[in-house]
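Please read them alongside the sequence and the structure shown here.

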Amino acid sequence: MVKNEYLFSVLAEGPDALLLGLRFSPTRLHFLFRSEAAAGAWQTRVSFRSPALMDSQWHTLILAVSEGSFSLTTDCGAPVDITADVPFPATLSMQGARFFIGSRKRTKGLFTGLVRQLVLLPGSDATPRLCPCRNAELVLSIPPVLQGLTGRPEDNEVLKYPYETNMKVTLGSPPPCTKVEDAQFWFDAGRKGLYLCVGSEWVSVLAAKEKLDYVEEHQSLATHAETLGLEVFVIPEAGLFVATANRKTTSAIYKWTDGKFASYQNIRTHQAQSWRHFTIGKKVFLAVANFVPNEKGQEFSVIYKWSQRKLRFTPYQRVPTHSARDWEAFEVAGEHFLAVANHREGDNHNIDSVIYKWNPRMRLFEPNQTIATCGAYDWEFFTVGPYSFLVVANAFNGTSTKVQSHLYIWLVGSFQLFQSFLTFGAADWEVFRIGERIFLAVANSHSYDVEMQVQNDSYVINSVIYELNVTAQTFVKFQEIPTCSALDWEFFSVGEDYFLVVANSFDGNTFSVNSIIYRWQGYEGFVAVHSLPTFGCRDWEAFRTTAGSYLIYSSAKEPLSRVLRLRTG
C-alpha cells in the first residue's frame, strides 16, 4: 500500500477543492470534509486507527456521520465512535461537483485494491440497516435495506439488482434494456465502457479509449467479377449494405446479415466503375457510373431509387455519360446536385464533365454546369465554413498523366476555379479533418508521357497530402508518401486516433503489393503502422457496426473482395 489511497472523493470545481473524501494509509483511515464559516472555508479531517484490511479478504466498512459524531464499523463488528471538535456541515453544496471512486482525480493516491459495493444512505446512522447482526459471514450479503428497492428484473440473467455492480459486468452481447432495467448501468468488460439503459437503448456514459491493435481477415466476399468500386451505406429500418461495381455485366448489392455481407440484389451494369449513395428528403438513391455502352451502343449511367414496397433498388433515371468513372452527390444552399466524372469520349480524354441539378418539380436531375476535364477519374465535394468546394482528379490528357487537377469554389450559382495541383494520373481525392485542420490527399497512379520510354518504376510514385492554409486561403503541400500506382485513399478513425489507408495496385512488376495503413502522429504527419497484403487493390471503404470497426477492399484483378476487422485493445 502506498502512503495514502482514496476509496472515494467528491471534488468541487476549482483547484484542489475537496468536498468529501475517504482516505486510508497503513495506520490510519481519514474522513475528510469541507467546513465553512464566516472566516472562510477549510478542510477538516477525522481520523480512525486503520483496521487490518491487507489480508486478501473482503471487508465491509461502514462510516456513519452525524452532526458532531463519526462512527466506523468494520465487518459489522463493534463500532468505533469519535466526537469531533468541528461538526459535519448541515448543508454541503454539490453544484458542479464530481464524484470519484478509487481516486482523487490524480494519479497520486489511486486505490490499489478492489471495491465491490459503495452504498450511500441518508440518515444519522445507517449501520443497523446495513448490518442487521454481527455475523462476519453476512458482511457480503445483500443489505436488507437494498433488497426493498423496486426494479429487480426477474427475467434478466445479467442484471440482478440495480446496485450490484458485479452482476452488470458482461462480455459479448449487451443484456436486455427494457422498462425493468430503465435507469440502470451496465459495464461492458470487453469494450471497457459504462452504459445507461434509457428507454430501450444502452447509451454510452463512459467509454475507454479505443486503440487499433491489429487487423485480421473477417470475410472473403466472392463477387460476380473484378470489382472497381465499393459503396457502403445504411438505409434506415433496412440495414447496412455494400454495392460492388463489377467489371462484367452484373454488379451486386450485399446486406450485412449475422455479422457478414450476404447477397441481396443483382443489377445489370456495363463495366461499372463506382456507385454513389445519396438521399433527397426521404428518398434513397444509388447511382452507378457505367464505363462502356450497352449492347445497342447506347452509353448512359443509371440512377436507382429504393422501393419501400419491394425493398429493392429500381431504375429511376438514365443520364448520358462518357466512360463515366465516378459520381459525387452533394447539397449547396438546400439544392441537390450530382457531378459525373466523364473519363473520355472515344480516344478523346479532353472532354466536359457535367454537374446535374435536382429539379424538385420534375423530380429529375437536369444539366446545370459543364466543366472541362482531362480523363477525369474522381470528384470530391467538401465545405469549409460557408464555402462549398469541388475538386476533380484529372488522370490523362491524351499524351501525359502529368496534368493539373483543379479545385473549384461555389460562387454566384456556379463553380469557379479556385486552385490547381500538379498530379500524375490522379485517381482519387480524399478530404478529411483532424481537429480544426483540413486536408486533401491525392492518389497518384502513374507517371507517363508518350514521348518518354515506358519504365516500370513509373508506377512507384509519391502521392501527396495538402493542408488548407486559412491565412493564405490556399492548400499547401503537407506530406508526400511513396505509393505503388495508388488508386484510392480512405480516412477513418479508431477511438481518438486517425488513419489513412491507401490502395496500392501495381508496382510495375506485380499486382501483389501491400496496401498500407498510416496513423496520424501530429508533427510527424502520417506514419506507416500496418502493411496489408492486397492483389490489384482498387478501393477501400471503412464502416462500423455494433460489433466493431471494419475495412473492406476490392480487387480489380480477381473476383474477390475482403472484409477486414480492426481489432482494438
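1. Ser458 lies in the loop between β31 and β32, where helices (H or I, at least four residues) and strands (E, at least two) are DSSP runs numbered from the N terminus. With a relative accessible area of 7%, Ser458 is buried, a class that means under 20% relative accessible area, against over 50% for exposed and partly exposed in between (1.4 Å probe, protein chains only). Its side chain makes a polar contact of 3.2 Å with the side chain of His446; a polar contact is a pair of N or O atoms within 3.5 Å, and within protein one must be able to donate a hydrogen and the other to accept it, while residues adjacent in sequence count only if both atoms are side-chain atoms. Leaving aside residues up to four places away in sequence, Ser458 touches His446 and Ser447, contact meaning heavy atoms within 4.5 Å.

2. The basis of these values should be kept in mind: this is a predicted model, in which local features need pLDDT of at least 70 and side-chain atom pairs count only at pLDDT 80 or more, whereas totals for chains, interfaces and linings use all residues. Residues are numbered from 1 along each chain as its sequence is written, and side-chain values use heavy atoms, with hydrogens and water left out.

3. For the protein chain overall, the secondary structure comes to two helices and 40 strands, and 48% of the 569 residues count as buried. Among contacts between residues at least 6 apart in sequence, 41% join residues at least 24 apart. The chain exposes about 28600 Å², of which carbon and sulfur atoms supply 51%, with areas taken from the Shrake-Rupley method with a 1.4 Å probe and, for residues, only the protein chains shown counting as cover.

4. Four strands form an open sheet in the order β26-β27-β28-β29, with antiparallel pairing; two strands pair if DSSP finds at least two bridges between them. Its edge strands are β26 (376-384) and β29 (414-424), each of which pairs on one side only. Eight bridges join β26 to the antiparallel strand β27 (residues 387-394), and Phe382 stands opposite Phe389 in β27.

5. Which residues have the most contacts inside the largest nonpolar core? That core has 22 residues, and those with the most contacts inside it are Phe382, Leu407, Phe421, Trp429, Leu440, Tyr466 and Phe475; a nonpolar core is a set of buried Ala, Val, Leu, Ile, Met, Phe, Trp, Tyr and Cys residues joined through side-chain atoms within 4.5 Å. At least two residues each come from β26, β27, β28 (402-411), β30 (426-434), β31 (437-444) and β32 (460-469), and the largest share, four residues, comes from β30. Apart from this core lies another, of 19 residues, among them Phe233, Ala272, Phe300 and Val302. Phe382 itself touches residues including Phe389, Leu407, Val431, Leu440 and Phe475, when residues up to four places away in sequence are not counted.

6. Elsewhere, six bridges join β11 (residues 193-198) to β12 (residues 201-207), which run antiparallel, and the bridge partner of Gly193 in β12 is Ala207. The hairpin of β11 and β12 has two residues between the strands, and in it Gly199 takes a positive phi near 70°.

7. Lys179, in the loop between β9 (169-170) and β10 (185-188), counts as exposed at 80% relative accessibility. Its C-alpha is 8.6 Å from that of Val198, 19 residues apart in sequence.
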